[in-house]
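Welcome! Take a look at the model, then follow the points below.

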Amino acid sequence: MSIEPLFCQRFEISGKDFINAGKASTTIKAILREIGIRPAVIRRAAIACYEAEMNVVLYARKAIIELRITPQEIRIQVEDEGDGIPDVGLAMQPGYSTASDEIREMGFGAGMGLPNIKNNADTLQIRSVVGQGTTLEMAIGL
Amino acid sequence: MKLEAVREILNCRVISGGNRLGQEIEVGCGADLMSDVLAFIKPNALLLTGLTNVQSVRTANVAEVKAIVYVRGKFPDQDAVAVAQEQGIVLLATNLPLYESCGRLYARGLPGGSERVEGLSDVNRAALLSTL
């Protein structure tokens, strides 16, 4: 049985929507600040969430980000519809990237996205089905 | 280092947040790839970059960057300026390239992220840096 969250909110993200890319993470950061979470924890959650949100905008068709806050932790789930990741182990290697020149021109594709998420979250689970999509589930303890 | 000093050292134009140049920054970081910024930057930092789109400002907001210096004579686009004003991030622009901008600030005592020791005052940090 899962613990009932104190707070839960969902955000819809569209692939290739570069103008709004990062807005959900900025809103999530503001919510965490309002709740009174410690700044160091907010920063880690915001960085992990922003990387995940950018991954959706850059590589997937669309996604739902779900923020759940319990008395113990912040949980962020990002469930996308997209091509999926054929080799998650490879994608976790710092510097590995499949980014196009267009993505690099936007300042992304350094191959640090998933490693950054892993470094900032306390736990990270990745489930990916090629041709269907990827779900990231991360938790950061309060 | 105060942002006013950064403006002077790099001969910057102020794009946004001119009333907040009294703010103190603790470290500098120079990069054009935003995931590299997110991986290495420390809080209360100055970001020096040639990336001028709105993601430079969103990255700054997420990573607690206080100010951005756009290098090589580049200017941020309108969306970037609008988000910076909304989020209270100072934007500056210099004609100097990235390497020289970082070098001049470093030479004047602004440390990089790897040298940042948590909780150390400016005076103690200067003493520590002089031993490196």
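Chain B contains six helices and five strands. Their order along the sequence is α-β-β-α-β-α-β-α-β-α-α. Please keep in mind that this is a predicted model.

**Chain B in outline**

- Of the 132 residues in chain B, 42% are buried.
- If you take the contacts in chain B between residues at least 6 apart in sequence, 52% of them join residues at least 24 apart.

**The sheet of chain A**

- Chain A has an open sheet of five strands in the order β1-β2-β3-β5-β4, and the pairing is antiparallel.
- The edges belong to β1 (7–14) and β4 (123–129) of chain A; each has a single partner strand, so one side of each has no neighbour in the sheet.
- From one strand to the next, the twist averages 10 degrees.
- Within this sheet, β3 (residues 73–82) and β5 (residues 133–141) of chain A run antiparallel and are joined by seven bridges.
- Here you can find Val78(A) opposite Leu136(A), which lies in β5(A).
- Helix α2(A) packs on the sheet, where it touches β1, β2 (60–69), β3 and β5 of chain A. The direction of α2(A) makes about 5 degrees with that of β3(A).

**Two helices that meet in chain A**

- The axes of α2 (residues 39–59) of chain A and α5(A) come within 8 Å and cross at roughly 155 degrees.
- Angles over 145 degrees count as roughly antiparallel, and α2(A) and α5(A) are therefore roughly antiparallel to each other.
- The crossing of α2(A) past α5(A) is left-handed.
- On the α2(A) side, the residues that meet α5(A) are Arg44(A), Ile47(A), Ala48(A), Glu51(A), Ala52(A), Met54(A) and Asn55(A). On the α5(A) side they are Gly113(A), Asn116(A), Ile117(A) and Asn120(A).
- By type, the residues of this contact are five nonpolar, four polar and two charged.

**A closer look at Phe108(A)**

- Phe108(A) sits in the loop between α4 (101–105) and α5 (113–120) of chain A.
- Is Phe108(A) buried or exposed? Phe108(A) counts as buried because it has 27 C-beta neighbours inside 10 Å.
- Apart from neighbours within four places in sequence, Phe108(A) is in contact with Met54(A), Leu58(A), Ala99(A) and Ile103(A), and also with Leu33(B), Met34(B) and Ser35(B).
- Arg38(A) is 70 residues from Phe108(A) in sequence, and their C-alpha atoms are 28 Å apart in space.

Technical notes:
Residues are numbered from 1 along each chain as its sequence is written. Chains are lettered from A and ligands numbered from 1 in the order in which they are written. This is a predicted model: local features need pLDDT of at least 70, side-chain atom pairs count only at pLDDT 80 or more; totals for chains, interfaces and linings use all residues. Helices (H or I, at least four residues) and strands (E, at least two) are DSSP runs, numbered from the N terminus. A residue is buried if 20 or more other C-beta atoms lie within 10 Å of its own, exposed if 12 or fewer, and partly exposed in between; C-beta atoms are placed from the backbone. Two residues are in contact if their C-beta atoms, placed from the backbone, lie within 7 Å. Axes are lines fitted to C-alpha atoms, for helices over the stretch in contact, and angles run from 0 to 180 degrees between N-to-C directions. Angles under 35 degrees count as roughly parallel, over 145 as roughly antiparallel, 65 to 115 as roughly perpendicular and the rest as oblique. A crossing is left-handed if the near helix is turned anticlockwise from the far one by less than a right angle, and right-handed if clockwise. Ala, Val, Leu, Ile, Met, Phe, Trp, Tyr, Cys and Pro count as nonpolar, Asp, Glu, Lys and Arg as charged, and the others, Gly among them, as polar. Two strands pair if DSSP finds at least two bridges between them.
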